[in-house]
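Subject: Structure handover and notes

Dear colleague,

I am passing on the structure below, together with my notes on what was found in it. Please read the notes with the structure open beside them.

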Amino acid sequence: MRQIIMSVFIMCALSVGAAIQPVIKLTCDNSDWERSHIVVDHESFLDKSAPWEGPFRSTDCNRHVIYRFSLADYQIEKIDIKIGNSYRVSMSTDGKKYGVILECKGTVGGLSNNGVKSVDVRKQLKGAREVYLKFEDNNPGDGFGGCLFSIAMYGKQIPHRNPPLFHALPVTSSPSLDGMLDGKDWENAQWIANFNVYGKFKPVTQITRAAALYDSENLYIGVECLDDSMDKVVSMTEKHDGDVYRDNCVEIFISPEVKARYYFHFAVNSIGTKFDEKCESAEKIDINWNPEWSVKTCKSGDRWTAKIAIPFKSLGIVPVPGMVLPLNITRIEGPHSEISSWVSMQGSFHLPSQFGHLVLADNGVSYASYECAPQSLNRNPPQLELLAQRGIAPAEVYADVAMYKASAYGKGAPVATAMVKVAGPGTAVKLFEKVLSPGDYIMNITWMKSAVEHYAQELQINIPNENRVAFAAELIQPYYSNEKSIRVEYRNQTGSIRKASAVVSSAGKELSRQEVAVNGKNGEFTLPLPKNDGKYKVKIVPQPTGGKTVYPPVNLTFEKGPSGSGAEEFCLGPNGVFLKEGKPFLPLVMNLPVDMKELAAAGFNTVVTGFDDAPCQVAENLKLLDDAHNNGIYVWFHLCNLFRNKEDYETLKETVSRFKDHPALAGWYLADEPSGTATSPEVMSKAVTTIKKIDSRHPVIGCDNNPSMFGAYAPLFEVFMPDPYPVPHNGIDTVGTWLKSSAAFLKPTQSLGVILQAQGKPFYPRGPNRIEIRNMAFQSMIAGVKSMAWWAHGPARDSKEWSEYPILLKQIKTLEPYLLQNERKEFTANGCKTATFRGAAGTAVLAVNLGNAPATIEIPVNLNSFESVVDENVEVVADGDKTQIKLPALGSAAWIK
């Protein structure tokens, strides 16, 4: 009854109008970000040069900001926006299609339309899970730009599902922190095991289990991480508050009370390195918060475990039975690239409003564990099946089940409900009689024992479409250039079709008709390509043998257009060396340039660029490619946006087909940090296969920044490039460490490259200085990379360090014939690294100091007869067949013979 009264009070309060408070609020003054429902601030191009420290300001039409708000708990009715100058505000519910909701072209100074603008959004946001608001200048050239001060959203709170819930059982003696989750207390604990794959409606393949205990001083959390590829479980961070979240790790998010305005974030990797911070939002954190807490990890067989003790005083609370602590537990699993969490988060993990609940249980109360086996859920109708796992009780229980459509989760009534009895582990129970429509769902399950609710969980479920298409076909290449035939790939699902007729037409006029053989369940056939450029249709009619079954035709379209003058072939030779028309080539790459001529003058020979945020963009890309070619620059074509939160294979095929013959093309840059966008290895593998079917003359390149997942992603690409950015938070030796880890997962047919940190205001607290730029490049060459790229967030040429690149690149070009030789021997001692390269070109010796103090290393080579290529304050003393090299702090050197 108390809950009902409270709900009525909230509803009445929200109807008052001007007196009510916004349910979601954002102020752009860098001081008061109420970000509990602001999922991410992306595509932000802020004008830092403007004398404007408070609100977002856009000074030309190319600068804008998009905020994405989660509406999981609210139905928004009105949005107030405090804004001024010349502006345009557009809104979207999917981040793709935007409609203008406010705009103004100000007068001189653009100041005539300042103030709060109200927009009624009930119709547009009905049932929406999130809203995107895009702000941009509406009067480019006036020098003032739009100015955003605040956003306030008004509406009503909606009934939400029961939050996932489990109990921490009290203990009389503190568990030993040995990393092992054995003993009576842990056996009797209430274990949770159903973790959801982040952003994907499918079950995890690597099970995670967790349980909690507590006493008067500490909260104890045990996590068990099963992994069938323990040999690939990599954790490299050894420094407290380092990049633990890039390793195989578990993370704990916990608030001191329900609806607290802040929360705490703990993480530990598989080797026991700790990370902690206090957060007001994902963007407003205190990394210097270093509480006292303890952890011990242990590896054994097919799993690793973590036993964690967090003092309640670190959380600022005094524990009492019945206390509810909002909590979520997440896991980064590298070998299979699975990011999962106990609570299925709709957006970032940093959303305390979506946390589950951990309840501190009373003494003497038994809370058994009940888990639904995720493997049994992809049925239609769905079934429940208890998962046999640590601490599960065989007792008879009831499950109160509610199914929500994922697209409207939390909005209105569930699509199906059931109360079922489950007899024990391994028991399968049918939930519903009716078949549900295919799609993504959230299943909310409240487990009940003796009519007492004692545990709630939720699962992300995909109901697949069971309808099988008898015959399907798709063009391998939608756009054609130098090909002589149309290539069609087919899937003959039933195997009953042996042939098909194919009709090619244009503007309604039939141009050709022929029969094609259909052999087996999967295959390919070709059709003659029309002579003239233009748009065409292909109609494929399956012809089954026997019977009178009529199968629907498959209609395809394609366009024949002009091609480039012929691209050079880039392939990989021995040890991953790039071969340009058969000759060794070392790509020296700048990512996302502004001026091709300037890049060429600096010594870069390759660039990562390309418009891929809309289908093909032919004219823009041809202009860009032509510009690169005219300045002697090759292009690794950027395709990454096709697989960020989507799977756009059609645009991928169109783009590759359209530009594969351009003379500037040198490769396809397919993936930029796919682990960070939760793009699965399966998706990446399919994308690589799709490209290679169309273009076998250019390699496919991918990079990642999560060492724990190198084992999942590195084997997929012909060229794999880690992108360690160590400055200023991590040690400079991160570069060499990541390269060594990457190389361990590569096959002899693959190539190892690197993307190095360049300048990056405002994204980095500071970019690397001249010595650090050189040091990272030398670490990379010593590690044996066959391509080197630099990524500048913002124009690198605007920095004082830009002048270092022409000098460095000229030296690398001198070393190139030596670096691409087959024989390389690497040696590490006294905080320094050296490598010797030998072959037909001669011998080269490279050295680098990884420390912040001078250091000396001895190598088994006499350098007296060598020519110095790089020698900055380096002391060399040769004696017989040895040489002592004294390097300054972070110094580097190279010699050739």
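In which loop is the place of Ala507? Ala507 sits in the loop between β33 (497-506) and β34 (509-517), where helices (H or I, at least four residues) and strands (E, at least two) are DSSP runs numbered from the N terminus. Before going further, please note that this is a predicted model, in which local features need pLDDT of at least 70 and side-chain atom pairs count only at pLDDT 80 or more, while totals for chains, interfaces and linings use all residues. Residues are numbered from 1 along each chain as its sequence is written, and side-chain values use heavy atoms, with hydrogens and water left out.

Backbone points to check

Most residues other than glycine have a negative phi, and most peptide bonds are trans. Ala507, which is not a glycine, has a positive phi of about 55°, and at 85% relative accessibility Ala507 counts as exposed (buried means under 20% relative accessible area, exposed over 50%, and partly exposed in between, with a 1.4 Å probe and protein chains only). Asn575 likewise has a positive phi, near 60°; this residue is found in the loop between β38 (570-572) and β39 (578-580), and at 42% relative accessibility Asn575 counts as partly exposed. A cis peptide bond, with omega about 0°, joins Val727 and Pro728, and Pro728 lies in the loop between β46 (719-722) and α9.

The chain as a whole

The chain contains eleven helices and 57 strands, and 56% of its 897 residues count as buried. Among contacts with a separation of 6 or more, 69% are between residues 24 or more positions apart, contact meaning heavy atoms within 4.5 Å.

Helix pairs

Helix α6 (residues 649-659) is mostly covered, with ten of its eleven residues buried, including Tyr649, Leu652, Lys653, Val656 and Ser657. The axes of α6 and helix α7 (residues 681-694) come within 10 Å and cross at roughly 30°; axes are lines fitted to C-alpha atoms, for helices over the stretch in contact, and angles run from 0 to 180 degrees between N-to-C directions. The two helices α6 and α7 are therefore roughly parallel to each other (angles under 35 degrees count as roughly parallel, over 145 as roughly antiparallel, 65 to 115 as roughly perpendicular and the rest as oblique). Their crossing is right-handed, a crossing being right-handed if the near helix is turned clockwise from the far one by less than a right angle, and left-handed if anticlockwise. The contact is made by Tyr649, Leu652, Lys653, Val656 and Ser657 of α6 and by Val683, Lys686, Ala687, Thr690, Ile691 and Ile694 of α7. By class, the contact of α6 with α7 has seven nonpolar, two polar and two charged residues, where Ala, Val, Leu, Ile, Met, Phe, Trp, Tyr, Cys and Pro count as nonpolar, Asp, Glu, Lys and Arg as charged, and the others, Gly among them, as polar.

Helix α9 (residues 734-743) and helix α10 (residues 770-783) have axes that come within 9 Å and cross at roughly 25°, which makes α9 roughly parallel to α10. The crossing of α9 past α10 is right-handed, and the contact is made by Val735, Gly736 and Leu739 of α9 with Met776, Gln779, Ser780 and Ala783 of α10. These contact residues divide into four nonpolar, three polar and no charged.

Strands and sheets

Three strands form an open sheet in the order β53-β56-β55, with antiparallel pairing (two strands pair if DSSP finds at least two bridges between them). β53 (855-859) and β55 (875-879) stand at the edges, each with a single partner strand, so one side of each is left without a neighbour in the sheet. The twist averages 15° from one strand to the next. Five bridges pair β53 with strand β56 (residues 882-887), and Ile859 stands opposite Thr883 in β56.

Strand β9 (residues 130-136) is mostly covered, five of its seven residues being buried. Strand β4 (residues 64-70) is joined to β9 by seven bridges and runs antiparallel to it, with Glu136 of β9 as the bridge partner of His64. Strand β6 (residues 87-92) also pairs with β9 in the antiparallel sense, over five bridges, and Val89 stands opposite Phe135 in β9.

Finally, four of the five residues of strand β30 (residues 471-475) are buried, so β30 is largely enclosed by the rest of the structure. Five bridges join β30 to the antiparallel strand β32 (residues 485-492), in which Tyr490 is the bridge partner of Ala473.

With best regards
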